[in-house]
Amino acid sequence: MTEMSYLDGNMLDGPLRELFAVDLSTATGRCDNCGMAGPVAALQVWSHAPGLVARCPVCTEVMLRLVRAPDRAWLDLRGTTFLQVPMPLDQPHPRPL
Amino acid sequence: MGIVSPGFQGRPRSAEPALPPGQYLTEDFPVLSAGPTPKVPLDTWEFVITSETGAEYRWTWDEMMALPQETVTVDIHCVTRWSKRDTDWRGVSLDTLLDGVDTAAHYALAHSYGGYTTNLPLADLRGARAWVAHTYDGGPLPAEHGGPARLLVPHLYFWKSAKWVRGIRLGTTDQPGFWETAGYHDYGDPWREQRYQGD
């Protein structure tokens, strides 16, 4: 019997590249604090700050932070339970292994 | 006098002390904010220092105002690259507030009304280098600049000077704050240009 195992993170490169190439403003995000699920485009973004801070329009908790250095960027999504991203039906997609 | 004027106001550039690397001078006071401005009535305002054992040291607004007050004039340096010279503040030194606090901690995490946090070594809050400031330029500190009271730690980038400060938690381990967990430097010395992690 074959034991279940895991792959290293390199295998995420393709699937995540597909995700991060999309327009996230059309995605739906769920607030980890209050459970609100709504469009990313409806988040309240505070930009006069050292980074971008996107807050839930219902409870104002932070859902996303993006900090951009000249050579690096940090994306913090700990306040977001999930991002639901629309995908085109005619695009080949990876099946569960 | 050369053909190129050094500027329209102030002293000649040669007389000015240098700015930290990568900074430019501004005359206004930009408002930076990562969220809604908390409204904190003075009759419910409090400042609390929590030691690593959980002991709490609390001050109401009136108790804070009854402590020795200090006036300081300092340059401030924002990580978004503006610096402002000779800003006038009035407030209570952290030396005064920490005086009766029994602690062996090395780290401090400032926390604010509205949820903001920022971490500093406790040593940087001592030595006449940090204040809880409630007055700016002769008047009550405006809410958009952190009023009723903000932390003032001018030797570090200004994100360490937490607006709407509510208290400081002391600890034996370093706990990164709001911006420090999103890529910004743990210490933030403008003279060493410690903007981002690893700088």
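Why does B:Tyr136 count as buried? In this predicted model, B:Tyr136 has 20 C-beta neighbours inside 10 Å, so B:Tyr136 counts as buried. The cut-off for a buried residue is 20 or more. B:Tyr136 lies in strand 8 of chain B. Residues up to four places away in sequence aside, B:Tyr136 touches B:Trp89, B:Leu141 and B:His145. B:Tyr136 and B:Val72 are 64 residues apart along the chain. Their C-alpha atoms are separated by 9.9 Å.

The surroundings of this residue are taken next. Strand 8 covers residues 131-136 of chain B. This strand is mostly covered, with 5 of its 6 residues buried. Strand 8 of chain B pairs with strand 5 of chain B through 5 bridges, and the two run antiparallel. In this pairing, B:Gly91 stands opposite B:Ala133. Strand 8 of chain B also pairs with strand 10, residues 150-152 of chain B. That pairing is antiparallel and has 3 bridges. B:Val132 has B:Leu151 in strand 10 as its bridge partner. Strand 9, residues 139-140 of chain B, pairs with strand 8 in the antiparallel sense over 2 bridges. Strands 8 and 9 of chain B form a hairpin with 2 residues between them. B:Asp137 sits in the turn and has a positive phi of about 55 degrees.

Strand 4 (residues 70-77) and strand 5 (residues 82-93) of chain B pair in the antiparallel sense. The pairing runs over 7 bridges. Within it, B:Val74 has B:Thr87 as its bridge partner in strand 5. The hairpin of strands 4 and 5 of chain B has 4 residues between the strands. In its turn, B:Arg81 has a positive phi of about 95 degrees. Strands of a sheet pair through backbone hydrogen bonds, either parallel or antiparallel.

The nonpolar core comes next. The largest nonpolar core has 51 residues. The residues with the most contacts inside this core are B:Ala110, B:Trp131, B:Val132, B:Ala133 and B:Leu151. In soluble globular proteins, nonpolar side chains tend to be buried together.

Chain B has 2 helices and 11 strands. From the N terminus on, its elements run β-β-β-α-β-β-α-β-β-β-β-β-β. The radius of gyration of chain B is 17 Å, close to the 16 Å that the globule rule gives for 199 residues, so chain B is as compact as a globular protein of that length. Along its principal axes, the C-alpha trace of chain B spans about 65 × 40 × 30 Å. Buried residues make up 34% of the 199 residues in chain B. Contacts between residues at least 6 apart in sequence were also examined in chain B. Of these, 63% join residues at least 24 apart.

An open sheet is also found in chain B. This sheet has 5 strands in the order 3-2-11-6-7, with mixed pairing. Strand 3 (56-60) and strand 7 (117-121) of chain B stand at the edges, each with a single partner strand, so one side of each is left without a neighbour in the sheet. Neighbouring strands of this sheet are turned by 15 degrees against each other on average, direction ignored. Strand 2 (residues 46-50) of chain B is joined to strand 3 of chain B by 5 bridges, and the two run antiparallel. Among the facing residues, B:Thr50 stands opposite B:Glu56 in strand 3.

Chain A has an open sheet of 4 strands in the order 3-4-5-6, with antiparallel pairing. Its edge strands are strand 3 (44-46) and strand 6 (73-76) of chain A, and each pairs on one side only. Neighbouring strands of this sheet are turned by 15 degrees against each other on average, direction ignored. Strand 5 (residues 62-68) of chain A is joined to strand 6 of chain A by 4 bridges, in an antiparallel run. In strand 6 of chain A, A:Ala73 is the bridge partner of A:Arg68.

The two chains also touch. In this contact, 15 residues of chain B meet 14 residues of chain A. The side of chain B that touches chain A has 10 nonpolar, 5 polar and no charged residues.

Conventions: Residues are numbered from 1 along each chain as its sequence is written. Chains are lettered from A and ligands numbered from 1 in the order in which they are written. This is a predicted model: local features need pLDDT of at least 70, side-chain atom pairs count only at pLDDT 80 or more; totals for chains, interfaces and linings use all residues. A nonpolar core is a set of buried Ala, Val, Leu, Ile, Met, Phe, Trp, Tyr and Cys residues joined through C-beta atoms within 7 Å. A residue is buried if 20 or more other C-beta atoms lie within 10 Å of its own, exposed if 12 or fewer, and partly exposed in between; C-beta atoms are placed from the backbone. The radius of gyration is taken over C-alpha atoms; the globule rule is 2.2 Å times the number of residues to the power 0.38. Two residues are in contact if their C-beta atoms, placed from the backbone, lie within 7 Å. Two strands pair if DSSP finds at least two bridges between them. Ala, Val, Leu, Ile, Met, Phe, Trp, Tyr, Cys and Pro count as nonpolar, Asp, Glu, Lys and Arg as charged, and the others, Gly among them, as polar. Axes are lines fitted to C-alpha atoms, for helices over the stretch in contact, and angles run from 0 to 180 degrees between N-to-C directions.
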